[in-house]
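Biologist: I'd like to learn how to read helix packing off a model. Can you walk me through one?

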Amino acid sequence: MEQLTTIGLNHYLTISAFLLGFGLFAVMTRKNAIVVLMGVELILNAANINFLAFSKYNGGMEGVMFALFVIVIAAAEAAIALAIVINIYKIFKSVDVSSIDSLKE
Amino acid sequence: MSNPTYTVIFYLFAAITVCSAAFVVFTRNVIYSAFSLLFTFFGVAALYVFLSADFIAVTQVVVYVGGILVLLLFGVMFTNSIMQGQKSEVLHIIPGTLLLVGMIGAMLYTFYTTHGWMPSETTLQGSIVERIGFETMSRYVLPFEMVSILLLAALIGAAFLARFDKSSK
């Protein structure tokens, strides 16, 4: 009970494990490219929670700065990925990632 | 910190985050996924406040909710016609479920059987905005400049990639 009521490092690690699992599930199973991107965002958020949790309980600033850079990279990634998805939609008239197989023999 | 109110609020935000993340993944409707992602991002921002990273929490709300979520919604609206519906099929459902259960199980097993976490005596307390400013302009000034150039290049590249091709019309 003491473990449950005193919020510690393990609580944050548990939440981030769930977010990482759900993100991987979305990347693995969804056919819509936009939902795959949402899964990637969930994974990046899980990583950020871990960085900030370790930074808080370590007392240093490294995790906080790294989390800030992760957010910037996530914004750049989302912009580029959306541009690619829109180009795929213009060419294939679909964003179904399993039907875009023109490189396959 | 075992203040009961603190604990209850933490569990509330943790439940919002995890449940809405599950809804993002398990619902078939792409629009529902995008709006559920909003609650996930807000829940994660609240958890950042609990981790005494208030600046990161505000950045999360501004960048993710104001930027990335709007971009994703724009993508959803642009690439799905209303007639064909917003339903999205799934594939590899069994390997995906195995990966989900295996990944969460393995990580929780590792976290809870590792007794080596030794929290420092001087955990981060209070606001860290001032310390972020000092770190950005001293130790992290080169990564800061590099990431700003990267963001500029990525946004110009995205605008270049997504522009309408005039020559083909």
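Biologist: At what angle do helix α2 (residues 9-29) of chain A and helix α3 (residues 33-58) of chain A pack?

Modeller: Axes are lines fitted to C-alpha atoms over the stretch in contact, and angles run from 0 to 180 degrees between N-to-C directions. Helices here are DSSP runs (H or I, at least four residues), numbered from the N terminus. In this predicted model, these two pack at about 165 degrees, with axes 7 Å apart. That makes α2(A) roughly antiparallel to α3(A) (over 145 degrees counts as such).

Modeller: As for numbering, residues count from 1 along each chain as written, while chains are lettered from A in written order. Since it's a predicted model, local features need pLDDT of at least 70, side-chain atom pairs count only at pLDDT 80 or more, and totals for chains, interfaces and linings use all residues.

Biologist: Which residues of the largest nonpolar core touch the most other members?

Modeller: Such a core is a set of buried Ala, Val, Leu, Ile, Met, Phe, Trp, Tyr and Cys residues joined through C-beta atoms within 7 Å; buried means 20 or more other C-beta atoms within 10 Å of a residue's own. Among its 68 residues, the top ones are A:A26, A:I34, A:M38, A:L52, A:V64, B:L47 and B:Y48. α3(A) gives the most, 13 residues.

Biologist: And how many residues of α4(B) are buried?

Modeller: One of its 21, so α4(B) lies largely in the open.

Biologist: What phi does B:S52 take?

Modeller: A positive one, about 55 degrees, just after α2(B). Helix α2 (residues 30-50) of chain B itself reaches 30 Å, close to the 30 Å expected (1.5 Å times one less than its number of residues).

Methods:
Angles under 35 degrees count as roughly parallel, over 145 as roughly antiparallel, 65 to 115 as roughly perpendicular and the rest as oblique. A residue is buried if 20 or more other C-beta atoms lie within 10 Å of its own, exposed if 12 or fewer, and partly exposed in between; C-beta atoms are placed from the backbone.
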